[in-house]
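The sequence and structure come first, then the notes.

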Amino acid sequence: GVTVGHDYERALASLDRGFASPVALVPSNNDGVGVAMNVPVIREGMVRSHLVLHAGIGYPLLCGEEEKIRVAVYTLAHEAAHVHDQAQCEQAIPGIALNQLRMSAEDWYLFGASCACWDEYAACRRPSRP
C-alpha cells in the first residue's frame, strides 16, 4: 500500500499496521527531516510493505528543477528498494520483520541495529544499479 499526505507525521500516526506495536511511527528529525518510510504491516495474515510519503516528494516531478527531480526519483527508488529487501527477507525467513518483538531485550537491540544497517545499505545500493 501507499499513503501520500501533506501532514506526514499524521499519515504515519494514522497508519493501520494490522497489529499493536509499542513503537510509534514518527518522522526522522535528527540529521534531516523524514519524508518517506517503508512500514511493515500485516495484511490478510501476511507481512507486507506500506509506503508512507510526504506529498512534497511529488512536486519536483511535476515542475521541478533537474536536481530536485533526481532527489525525488532517488527517494522513491530508495523506498521501493526497502520494499524489495523486506519482501526478500520475509521470503527467506518468514516473520522476520515482526518477530523482533518476541526477542530478549539484548537480542532485540542487537538485531535491530544490525537490521537497520543492512536495510539502509541494501536500499542505498539497489537504486544505483543500472
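Lys68 is partly exposed, with a relative accessible area of 47%; by the cut-offs used, buried means under 20% relative accessible area, exposed over 50%, and partly exposed in between (1.4 Å probe, protein chains only). The partner of Lys68 in a salt bridge is Glu65. The model is predicted: local features need pLDDT of at least 70, side-chain atom pairs count only at pLDDT 80 or more, and totals for chains, interfaces and linings use all residues. Residues are numbered from 1 along each chain as its sequence is written, and side-chain values use heavy atoms, with hydrogens and water left out.

**Salt bridges**

- The structure holds 3 salt bridges, a salt bridge being a side-chain nitrogen of Lys or Arg within 4 Å of a carboxyl oxygen of Asp or Glu.
- In the pair Glu65 and Lys68, the closest N and O atoms are 4.0 Å apart.
- Glu65 is exposed, at a relative accessible area of 53%.
- Glu66 pairs with Arg70 at 2.4 Å, N to O.
- Glu67 also has a salt bridge with Arg70, at 3.4 Å, N to O.

- Helix α3 spans residues 66-92; helices (H or I, at least four residues) and strands (E, at least two) are DSSP runs, numbered from the N terminus.
- Glu66 and Arg70 are 4 residues apart in this helix, so about one helical turn separates them.
- Glu67 and Arg70 are 3 residues apart in helix α3, which again means a separation of about one helical turn.
- Glu66 counts as exposed, with 55% relative accessibility.
- Glu67 is partly exposed, with a relative accessible area of 48%.
- Arg70 is partly exposed, with a relative accessible area of 48%.

**Cysteines**

- A disulfide is a covalent bond between the sulfur atoms of two cysteines.
- Here the rule for a disulfide is a pair of cysteine sulfur atoms within 2.5 Å, and the count by this rule comes to 0 disulfides.
- Cys117 is exposed, its relative accessible area being 56%.
- For Cys124, the closest cysteine sulfur is in Cys117, at 11 Å, and this is too far for a bond.
- Cys124 is partly exposed, with a relative accessible area of 36%.
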